[in-house]
Amino acid sequence: MSETSYMEQELGSQPETWRAAARIGAAAGPLPKAGDRVAVVGCGTSWFMAQSYAALREAAGQGVTDPFAASEAFLGSDRGYDAVVAITRSGTTTEVLRVLDAVKGRIPTVTILGDPETPAVALSDETVALPFADEKSVVQTRFATTALTLLRSHLGEDVSRAVADAEEALTAPMDKEWVDAEQFSFLGSGWTFGLANEAALKMREASQSWTESYPAMEYRHGPIAIAAPGRVTWLFGQAPDGLGAEVVRTGACFVHHARDPLADLVLVQRVALERARARGLDPDNPRNLTRSVLLKAPTAS
């Protein structure tokens with residue numbers, strides 16, 4: 001593995017790509033308008049960004065918004081969706097393409113993608129291309145966060161603080177306890193639950209780490225049993241009353257920062273990278289993974 005990986009280069013460029021995405025999101029474009037009933041689909045990291053967007057859109061009062069893993073999307077006419085938003089870095093993921101094909105001509109679609117020269121374009125009614133956020137590393141960092149920044153901006157958020165916090169997160173001190181930890185539990189609520197899911201995935205992909213993720217208020221209902229010395233519980237967003245003290249009593253390390261939660265995800269990406277290096281792993285090419293999942297068509301029996 002080279003000293004500077006693609007993952008390191010790409011995660012370090014996020015403040016720049018977020019600024020560009022914010023400008024696109026603030027302009028009039030094809031993304032759903034307030035009041036639309038929206039389904040959002042993606043796979044893996046993109047599904048977790050869909051979860052965050054759905055929670056943000058509903059919290060902003062802009063309409064019913066349901067996130068689905070593309071393989072599990074329920075998009076029948078009885079659900080009354082006005083639009084489907086698909087998120088896909090590669091534009092080639094089989095499950096996403098199947099959704100776009102299934103609803104074509106029935107529900108308007110808009111796809112957010114990194115590569116505009118891919119099959120998703122022909123299957124979508126509209127696209128928002130973010131080629132400046134596309135990546136060479138298999139492990140997603142900047143495309144996912146840039147897509148969510150685009151969506152936050154489109155919802156009317158001022159993301160300037162998030163950008164500034166991301167710049168700070170790129171140079172923030174990294175605790176050795178995080179690099180050496182045996183296990184991580186990531187927690188969030190509302191829109192930050194999607195970030196918790198993504199943080200756990202990033203650790204698993206890049207460094208083969210034992211990680212889990214839960215809604216913050218659910219953590220007390222069983223999962224806190226895993227907290228112990230040498231393990232980390234990392235919370236995105238607002239802390240439920242008393243949770244930090246409960247985690248500390250277990251001997252686990254409780255991590256909770258005041259920066260924008262999406263910027264805090266940037267710090268987790270850095271931790272995942274350092275954990276991969278400490279274990280002699282290549283974060284750009286994780287075990288058993290490829291940039292896009294392409295499924296074979298079923299054969300006739």
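**Figure 1. Burial and overall dimensions of the protein chain.** Of its 301 residues, 55% count as buried (under 20% relative accessible area, with exposed over 50% and partly exposed in between; 1.4 Å probe, protein chains only). This is a predicted model: local features need pLDDT of at least 70, side-chain atom pairs count only at pLDDT 80 or more, and totals for chains, interfaces and linings use all residues. Residues are numbered from 1 along each chain as its sequence is written, and side-chain values use heavy atoms, leaving out hydrogens and water. The C-alpha trace spans about 55 × 45 × 45 Å along its principal axes.

**Figure 2. Strand E8, residues 231–235.** Helices (H or I, at least four residues) and strands (E, at least two) are DSSP runs, numbered from the N terminus. Five of the five residues of E8 are buried, so the strand is largely enclosed by the rest of the structure. Arg 231, Thr 233 and Leu 235 point one way. Val 232 and Trp 234 point the other way.

**Figure 3. Parallel partners of E8.** Strands pair if DSSP finds at least two bridges between them. Strand E6 (residues 183–188) runs parallel to E8, joined by five bridges. Here Gln 183 stands opposite Arg 231. Strand E9 (residues 253–256) is also parallel to E8, with four bridges.

**Figure 4. The crossover from E8 to E9.** E8, helix H10 (residues 243–250) and E9 make a right-handed β-α-β unit. Right-handed means that, with the strands pointing away from the viewer, the path from the first strand over the helix to the second runs clockwise.
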